[in-house]
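Please look over the sequence and the three-dimensional structure shown here before reading on.

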Amino acid sequence: MPGKLCLTFDDLFVNNWCAARPVFDAYEARVTFCISHLHTATPEQIKGLHLLQRDGHEIAYHTRTHPRLDQYLKRHGLEHWLEHEVDRGVAEHRALGFPARSFACPFHASTSETRKALAERFEVIRTDGPRSIDPDNPGARIYQELPANKCLANLSFADMQHKAFPGWKRQMEFLDLIAETGGTAVFVGHDIRARKTGPGFYSAQKQVARLLEGAVARGISVVSLQDA
Ligand SMILES: [Zn+2]
């Protein structure tokens with residue numbers, strides 16, 4: 001029971017993600033790209049997203065304009081958020097052939113009301129970020145089945161250059177735990193660059209390859225959120 005790993009990459013770094021396609025193919029990894037701002041995408045970016053989707057990767061939804069949830073809800077309320085940041089953008093995704101089955105919360109923010117409304121619209125909801133993990137109980141974020149509320153919190157980072165990345169020793173311990181328990185875990189990332197260019201919300205291609213190598217060596221399948 002070696003488990004499943006869902007690597008997720010957020011926002012709209014389409015050109016760099018496309019450049020990383022050979023890395024995913026080398027490990028037969030299928031990942032999830034969580035897209036915001038699709039309405040601002042260039043024709044080249046939309047073409048890139050279709051290419052990633054044809055490769056078998058998932059194009060998921062990450063709100064329309066990526067607002068801060070608490071401020072938005074205070075100013076406009078839940079119904080306004082659902083109309084403008086969820087349903088409107090979902091329609092834009094679907095009009096371009098992207099099914100919007102999974103939702104990734106911007107800034108890892110959610111409330112019981114947003115989670116409930118999202119569960120009526122999506123198959124999977126990616127919620128809390130890796131920084132809020134209980135270090136003594138990482139296994140709480142390894143799932144044996146999709147919870148009834150459809151919410152999966154992130155176990156760790158796929159941004160290996162992130163200042164809060166716990167390091168490779170810890171990262172490999174997480175993979176050991178996934179393989180031992182046979183569960184599913186989600187890692188969150190953003191950009192994938194050709195090489196390291198200092199700190200930031202990204203991984204270099206070689207770092208993604210190292211993570212995939214570690215997963216594959218343990219028999220862990222790297223699948224999209226919709227296949228979690
Ligand atoms: Zn984001």
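## Basis of the model

This is a predicted model, in which local features need pLDDT of at least 70 and side-chain atom pairs count only at pLDDT 80 or more, while totals for chains, interfaces and linings use all residues. Residues are numbered from 1 along each chain as its sequence is written, and side-chain values use heavy atoms, with hydrogens and water left out.

## The zinc site

The zinc ion is coordinated by Asp11 through OD and by His62 and His66 through NE2, at 2.0 to 2.2 Å. Donors are here N, O and S atoms within 2.8 Å of the metal (3.2 Å for Na, K and Ca), and sites may look incomplete because water is not among the atoms. Along the chain, the donors of the zinc ion follow the spacing D-x50-H-x3-H.

His62 counts as buried because its relative accessibility is 1%, and His66 is also buried, with a relative accessible area of 16%. Buried means under 20% relative accessible area, exposed means over 50%, and partly exposed lies in between (1.4 Å probe, protein chains only).

## Strands around β1 and β2

Helices (H or I, at least four residues) and strands (E, at least two) are DSSP runs numbered from the N terminus, and two strands pair if DSSP finds at least two bridges between them. Strand β1 (residues 4-11) runs parallel to β2 and is joined to it by four bridges, with Cys34 in β2 as the bridge partner of Asp10. Six bridges join β1 to the parallel strand β8 (residues 184-189), where Val186 stands opposite Cys6, and two bridges join β1 to the parallel strand β11 (residues 221-222), where Ser221 stands opposite Lys4. Seven of the eight residues of β1 are buried, leaving this strand mostly covered.

Strand β2 (residues 32-35) is covered on both faces, with Thr32 and Cys34 buried on one side and Phe33 and Ile35 buried on the other. Four bridges join β2 to the parallel strand β3 (residues 58-61), in which Ala60 stands opposite Cys34. Together with helix α3 (residues 43-54), β2 and β3 make a right-handed β-α-β unit; right-handed means that, with the strands pointing away from the viewer, the path from the first strand over the helix to the second runs clockwise.

## Pocket and cavity

The largest pocket holds about 290 Å³ of space and is lined by 19 residues, of which Phe107, His108, Arg131, His190 and Phe201 lie nearest its centre. A pocket is an open set of points on a 1 Å grid over the protein atoms alone, with protein on both sides within 12 Å along at least five of seven lines, whereas a cavity is a set of points where a 1.4 Å probe fits but cannot get out; lining residues have an atom within 4 Å of a point.

A search of the whole structure finds one cavity of 30 Å³ or more. The largest cavity holds about 40 Å³ of space, where a volume is the space filled by probe spheres set on the points, and grid points are joined across faces, edges and corners. This cavity is lined by Thr63, Pro67, Leu69, Trp81, Pro106 and Ala109.

Most residues other than glycine have a negative phi. Phe107, although not a glycine, has a positive phi of about 55°, and His108, also not a glycine, has a positive phi of about 60°. Phe107 lies in the loop between β4 (102-104) and α6 (112-119), and His108 is found in the loop between β4 and α6. Phe107 is partly exposed, with a relative accessible area of 38%, and His108 is partly exposed at 26%.
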